[in-house]
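Have a look at the structure first, then work through the points below.

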Amino acid sequence: MAGRIHQLRAIHRTWQVAALMLPLVALGCSTTSYVSVRSKPNNPLTDELKLLSRSGPKPTERTVQLLRRYDLSDSQKGDPRKALAKLQEIIVAEPSADKLCSFAELAYIQGTKIEAKDPTGALDLYGASVAHAYLYLFDPRFGQYRNPYDPQFRGSCELYNSALESALRMIRKRGELKPGKEHTVESGSQTWDVKIVLRGGEWQAEDFERFEFVSDYNVTGLQNQYHNYGLGVPLIAVRKSRPRTDPTEQFYPPNLSFPVTAFLRLLPDDRAQTVGGKSHHRAELELYDPLVTGEIAVCNRQVPLEADLSTPLAYALSDPAFQKLDVSTLGLLHPEKAQALTGLYMLQPYQPDKIPVLMVHGLWSSPLTWMEMFNDLRSSPELRSKYQFWFYLYPSGQPFWLSGAQLREDLANMRTVVDPGRHSPALDQMVLVGHSMGGLVSKLQTLDSGEDFWHLLSEKPFADVKTDEETRRGLFKTVYFKPNISVRRVITIGTPHRGSDVANDTTRWLGRELISLPQKMVMGEKQLRRDNPDFFKKSTLIDVTTSIDSLSPQMPIFPVMLAAHHGSWVKYHNIVGRVDRHSTFGRIAGDGDGVVPYSSAHLEDVESELVVEADHTSLHQCSRSVLEVRRILMEYSAELDHHMRIGNPAVFNAPPAAIYPARPAAYAAPQPAGNTQVAPLQ
């Protein structure tokens, strides 16, 4: 029986990659939908006011009762606008919270009835509904009568939100839902001048291309949806791309969308005027970034903003232009074609006071593989107040040490662009999270190569290599590097620290057959061998052509990486996957996650290691792994806060350059200033 299981494991490891890769030859681009369009926008008032009833919407019983009390029932049935005007007169003479709520309700109902034939009149009614709901919620005259446990209180919140959304939809139809625009809304004996303004966050007016409404969409592609309840209208803001002359533009994916909450604030009447029998008032439609602002002050009260963080993300992920970043297949089979997209990506504006968490994908993958974890982590106010989440994209078909060299260069470029003066301490507290091969790419950022990596290739001096300057620089960068002084934590998830048996003779051959490497890289390797006979060892790193080759347990780089010196300021955390060993798959796959054996994924010298029952593909998306990453980030944040409390801000400073051992002049190659590295070997 044991022999049979061993045989099945061998077959499993041989064909796991082979069976998956063969169909890729015929695959083209595909689009995954993360959202679906609702047949009707989601509206919390639909049932309460019978908005979809054949007989039309109806006021609540409490409003009907108020109309009876003031003998307005017949007016409401005959001419609702006259009933509203009379109710407004009563409110002026005898203001009360219940009258304000009923007015807001009746104005909203009437607006829904006439919107199709009289858009201007409907907009005025929606504006009046918002204003009266606002006064119900915030007018200090009614503070002692407000009861947050009364259904009418929450009903007024829903009226405020729904009426404001209806008004915004009409403004959007006019093409005027833009920061800086001003509008005038008529409401019976009142006129409101409304200006659209940005409040909080890093987005600028020129970043807004258009707005969509969260209530129009249903999230289908993310497991969890994060919606915060309060006041305001959750929106999807689609970002307008800037000219490529802006250096920060390289970090934003195409057609990025982000969450926004719109809140209408009535301004004090200190400058109110009466013109033509109508009192003029001012208001501001405030646009907030809910990732930055979760609550606002209104009339000396803290008010939570209604916000949706998941739907804008799902909307962006569904965009075909955004999905071009899903180069999992292209990056594996045609690394050269994916090079143009390689780099760091941000899904929100760079914030100099927040610590970057850079997520690095694995083999045959892309940044989209992180969206479940990103969606969950970003939902935590404690995390998003301390961290900003970035993503790294690289062509996973090339050996992982080349991707590690590219990441070193891209991190240096990022620092040059966003913080050339190195004024942001948060950038020197970076956290890297790597899944599978991405964990190896991440760990390489923290190691000191010394001479060990060069000696994997040759025992002869590097200075004696005969080659052109471009190849020399690329080779130097690949085997000589320093730990990045800005990386303080590395979290590896399902990482083959000692290689993977999936990279066996069959899959390595198949990889070499299917993966189309850049000719420049292939010719560079041949040139090095040709121009330097008997200089390099046999079967060295320069002979490894694909990422699958590079993951073989026989690769000598793995023991060198495990033994290499790393920055003393770096702490490592590890998450290991294990499938149920009693299941059929577990008996075949062996002790591990089905791709990476436990013996390869396990590490001794780490701050923490968590074993999670999950397979390799889902390990970084399952709840226990997400919770572990959250725990590590919270622990790190608390540690930094502790140092600040005890007066030790030096912990935020980058280690001095003197900690690095000097390089012999013989190994020197022309290098940019600072920690920037030269281009990779190609």
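Predicted model: local features only at pLDDT ≥ 70, side-chain atom pairs only at ≥ 80, totals over all residues.

Before we start, one cut-off: a residue counts as buried when its relative accessible area is under 20%. Keep that in mind for strand E22, which has a covered face made of Ser-608, Leu-610 and Val-612, while Glu-609, Val-611 and Glu-613 make up the uncovered one.

**The whole chain**

- The protein chain contains 23 helices and 22 strands.
- Out of its 682 residues, 57% count as buried.
- Take the contacts in the chain with a separation of 6 or more: 77% of them are between residues 24 or more positions apart.

**How the strands pair up**

- E14 and strand E16 (residues 387-393) run antiparallel and are joined by 4 bridges. If you want to spot one, Met-346 has Trp-390 in E16 as its bridge partner.
- E17 pairs with E19 in the parallel sense, over 6 bridges. Here, look for Gly-434 opposite Thr-492 in E19.
- E19 is also joined to E21 by 5 bridges, and these two run parallel. Ile-491 has His-573 in E21 as its bridge partner.
- E21 goes on to pair with E22, again in the parallel sense, over 6 bridges.
- Is E19 mostly covered or uncovered? Mostly covered, with 7 of its 7 residues buried.

**Helices on the sheet: H11 and H23**

- H11 is mostly covered, since 8 of its 8 residues are buried. Those residues are Met-371, Glu-372, Met-373, Phe-374, Asn-375, Asp-376, Leu-377 and Arg-378.
- What covers the buried residues of H11? The cover includes helix H8 (310-318), helix H12 (381-384) and H23, along with strands E15, E16 and E19.

**Where H11 meets H23**

- Two packed helices are described by the angle between their axes and the distance between the axes.
- For H11 (residues 371-378) and H23 (residues 623-645), the axes come within 10 Å and cross at roughly 50°. The two helices are therefore oblique to each other.
- H11 passes H23 in a right-handed crossing.
- On the H11 side, Met-373, Asp-376 and Leu-377 make the contact; they meet Ser-625, Val-626, Val-629, Arg-630 and Leu-633 in H23.
- Sorted by class, the residues of this contact are 5 nonpolar, 1 polar and 2 charged.

**Another helix pair: H5 and H6**

- The axes of H5 (residues 97-114) and H6 (residues 119-138) come within 8 Å and cross at roughly 160°. H5 and H6 are therefore roughly antiparallel to each other.
- H5 passes H6 in a left-handed crossing.
- Among the residues making this contact are Leu-100, Phe-103 and Tyr-108 of H5 and Leu-125, Tyr-126 and His-132 of H6.
- The contact of H5 with H6 has 16 nonpolar and 6 polar residues, and no charged ones.

- You'll find Ser-600 in helix H22 (residues 598-601).
- Ser-600 has a relative accessible area of 3%, and the cut-off for buried is under 20%, so Ser-600 is buried.
- What is Ser-600 in contact with, leaving aside its neighbours within four places in sequence? Its contacts are Thr-495, Pro-496, His-497, Arg-498 and Gly-499.

Conventions:
Residues numbered from 1 in each chain as written. Heavy atoms only, no water. Axes fitted to C-alpha atoms, helices over the stretch in contact; angles between N-to-C directions. Parallel < 35°, antiparallel > 145°, perpendicular 65-115°, else oblique. Left-handed = near helix turned anticlockwise from the far one by under 90°. Contact = heavy atoms within 4.5 Å. Nonpolar A, V, L, I, M, F, W, Y, C, P; charged D, E, K, R; others polar. Pairing = 2+ DSSP bridges. Buried < 20%, exposed > 50% of the residue type's maximum accessible area, 1.4 Å probe, protein only.
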